[in-house]
Amino acid sequence: MSDRPEALPPDWPEESAQRLAKAAQLREMGIDPYPTRYERTHSLGDLIARWGERTMEELEQEGASVRIAGRVLTRRGQGKVSFATLTDGDARLQIYVRADDVGERGYRVFDLLDLGDFVGVAGTVMRTRRGELSVQVRELTFLGKALLPLPDKWHGLSDVEIRYRQRYVDLVANQEVRRTFVARSAMVSEMRRFFDARGYVEVETPMMQPIAGGALARPFVTHHNALGLDLYLRIAPELYLKRLVVGGLEKVYEINRNFRNEGISSMHNPEFTMLEFYTAYFDCRDVIAFTEELLAAAARRLAPSGSVRFREREVSFQIPFRRLPMKQGVADALAAHGMAGAAEALEDPKTLDGLVGTQGFRDLCAKEKVDAGAYAGLSHGKRVVQLFEDFVEESLWEPTFIVDHPVEVSPLAKTYAEDPRVADRFELFVAGMEIANGFSELNDPLEQRGRFLDQLREREKGDAEAHRMDDDYVRALGHGLPPTGGCGVGIDRLAMILTNSPSIRDVILFPHMRPEGGRDRD
RNA sequence: AGGCCGUUAGCUCAGUGGUAGAGCGCCUGCCUUUUAAGCAGGGUGUCGUGGGUUCGAUCCCCACACGGCCUACCA
């Protein structure tokens, strides 16, 4: 065991010294300020559930004896009688301490309690004259000294930097933060239940990959010393999960972290949680139906009506969600902006090329604060996607499945037999955010190899996000992937919507921040 | 990466070119049913950091750090 320094860390407030002195006084009384355990009969929530509706007389008659514990949140002293509110994170309950009941020594222990300390209480369930359910204390047990003060008892903690860096303080001070993360847990647990009930196998695939595949994004690089090998933190588990389907795990899912070396915003964190699932013999339409059921079940778990408020607006997860072909969405949006003939242009590369060069289009871009220059030199399919992102995406509030993506942006998806330019793919948008992405998985090994070669050419042209060749994945497909449908769901964003959290940082316990105290200078 | 805004007590915040203020918390005292308990007293501080202007800077100027929002990349 290390030596216990007598001095407090230099940046701790003066109040810490006072609290430390109280801990010393407890030790002088033969009381350990940091004991190891306490036997409870009830959590505070249990106690409230059991006795919360009883009258003062009923409680007096029953005289129920309980042992509870919690952190002291507030104190109201009154000479030889005091009140304190305890919290166990979940619920709050008042205790009522009389010097006559606990004795001089017991009352002294109560005096040495600061806000934030932990205490165990043995006593009787009762209701005060003002009607508040309380435990009248018979015996106090000191359970843990807090040397640092809690934030303001009614303004709480609002400094967002401290809220994110010191989430432990945020959780104590702001009850809604706890509710949000408990709700997120319930959402994920409901999704696991959904998969487990349908015979899916939950798996874990590599976080560190020699080739970061399965999505279009820039990866983080790390290094394995013993192997002398650079590895990438995964940007998606997709290619590994499909290898498992090749191996006969016909229904698999994984809920785990992805890492993308890109910007940070209210919708982006460098590490984020993704659900991916794959089902043999499903096509894209089956996956859409399944995803719809899954999200509706998750939403109902948090809001039985299936409808939630997000950013002051209603979002309904009632089935069925809207289906909208990408080109139709673009054509409608452009028509609404007065661009006549957009629908025809989307069907013909030359016409679209002409359209994005017109003054009318450039004026529209200027008006919508869109970069018109981004449209130069794009392939037809990428142009359609760009139009979708610039003019449609944000407006998709109610859950909407966008379908029929250009093949260029879908290198792992099957195309329609009747039109090889269109992928059998969907993306689900809710509240203007992409929440899910799925498709009929491309299982022709040679076509997949060809798509990788196309991606390599894109990479050579400077697209840092283009796929790399993955020979082992092609080899896996060579052994035979059954017809398969798969989907990825952004868990953090879904949690944002279902918990009405405006920022992704409100649903990630420890969101990415610069290191405290500044970074080392390069 | 670019633009705008912010950084003052443990917390929430006001404020001024002349060495700093409120509420809560905290400290001292009183009070045997309180509820943001009350009453009397006490201000606890590197005014983000480093330079500059000035007789004098927490305030004005510059740089930097950290944070927020927006834009860009992205899910």
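This is a predicted model: local features need pLDDT of at least 70, side-chain atom pairs count only at pLDDT 80 or more; totals for chains, interfaces and linings use all residues.
Figure 1. The cysteine sulfur closest to that of cysteine 487 belongs to cysteine 284. These two sulfurs are 8.9 Å apart, which is too far for a bond, because a disulfide requires sulfur atoms within 2.5 Å. A search of the whole structure returns 0 disulfides. Another cysteine, cysteine 365, has a relative accessibility of 1% and therefore also counts as buried.

Figure 2. Strands pair through backbone hydrogen bonds, in either a parallel or an antiparallel manner. Strand β17, residues 419-430, runs antiparallel to β18 and is joined to it by 6 bridges. Within this pair, glutamate 427 has asparagine 437 of β18 as its bridge partner. The two strands make a hairpin, with 2 residues between them. Alanine 431 lies in the turn and has a positive phi of about 55°. Strand β19, residues 484-490, pairs with β18 over 5 bridges, again in the antiparallel sense. Of the 8 residues of β18 (residues 433-440), 6 are buried, so the strand is largely enclosed by the rest of the structure.

**Figure 3. A barrel of 5 strands.** The strands close into a barrel in the order β1-β2-β3-β5-β4, and their pairing is mixed. On average, neighbouring strands of this sheet are turned by 55° against each other, with direction ignored. Strand β1 (residues 65-78) and strand β2 (residues 81-87) run antiparallel and are joined by 7 bridges. Arginine 71 stands opposite threonine 87, a residue of β2.

Figure 4. Is glycine 156 buried or exposed? Its relative accessibility is 17%, so glycine 156 counts as buried. With neighbours within four places in sequence left aside, glycine 156 is in contact with Pro151 and Asn174. Between glycine 156 and valine 172 there are 9.2 Å in space, C-alpha to C-alpha, and the two are 16 residues apart in sequence.

**Figure 5. Helix α7 and the glycine that follows.** Helix α7 covers residues 175-197, and its 23 residues should span 33 Å at 1.5 Å a residue. The C-alpha atoms at its ends are 33 Å apart, which agrees with that expectation. The buried residues of α7 include Val177, Phe181, Met187, Val188, Met191, Phe194 and Phe195. Arg184 and Glu190 are also among the buried residues of this helix. Glycine 199 follows α7 and has a positive phi, near 80°.

**Figure 6. An open sheet of 3 strands.** The strands lie in the order β7-β9-β8, with antiparallel pairing. Strands β7 (208-209) and β8 (221-224) stand at the edges with a single partner strand each, so one side of each has no neighbour in the sheet. Strand β9 (residues 229-233) is joined to β7 by 2 bridges. In one of the facing pairs, methionine 208 has leucine 233 of β9 as its bridge partner.

**Figure 7. Helix α14 and its surroundings.** Helix α14 has 12 residues, 380-391, and reaches 16 Å from its first C-alpha to its last, close to the 16 Å expected at 1.5 Å a residue. Among its buried residues are His380, Arg383, Val384, Val385, Leu387, Phe388 and Phe391. Which elements cover the buried residues of α14? They include the helices α10 (326-336), α11 (342-345), α12 (349-355) and α13 (359-367), as well as the strands β15 (400-406) and β17.

Figure 8. Chain A holds 17 helices and 19 strands, and 47% of its 522 residues count as buried. Its C-alpha trace spans about 90 × 55 × 50 Å along the principal axes. The chain is divided into domain 1 (14-150) and domain 2 (181-321 + 398-515), whose centres, taken over C-alpha atoms, are separated by 48 Å. Among the contacts with a separation of 6 or more, 67% are between residues 24 or more positions apart.

Key. Residues are numbered from 1 along each chain as its sequence is written. Chains are lettered from A and ligands numbered from 1 in the order in which they are written. Side-chain values use heavy atoms; hydrogens and water are left out. Two strands pair if DSSP finds at least two bridges between them. Helices (H or I, at least four residues) and strands (E, at least two) are DSSP runs, numbered from the N terminus. Axes are lines fitted to C-alpha atoms, for helices over the stretch in contact, and angles run from 0 to 180 degrees between N-to-C directions. Buried means under 20% relative accessible area, exposed over 50%, partly exposed in between (1.4 Å probe, protein chains only). Contact means heavy atoms within 4.5 Å. Domain bounds come from an automatic or database domain assignment. The expected span of a helix is 1.5 Å times one less than its number of residues.
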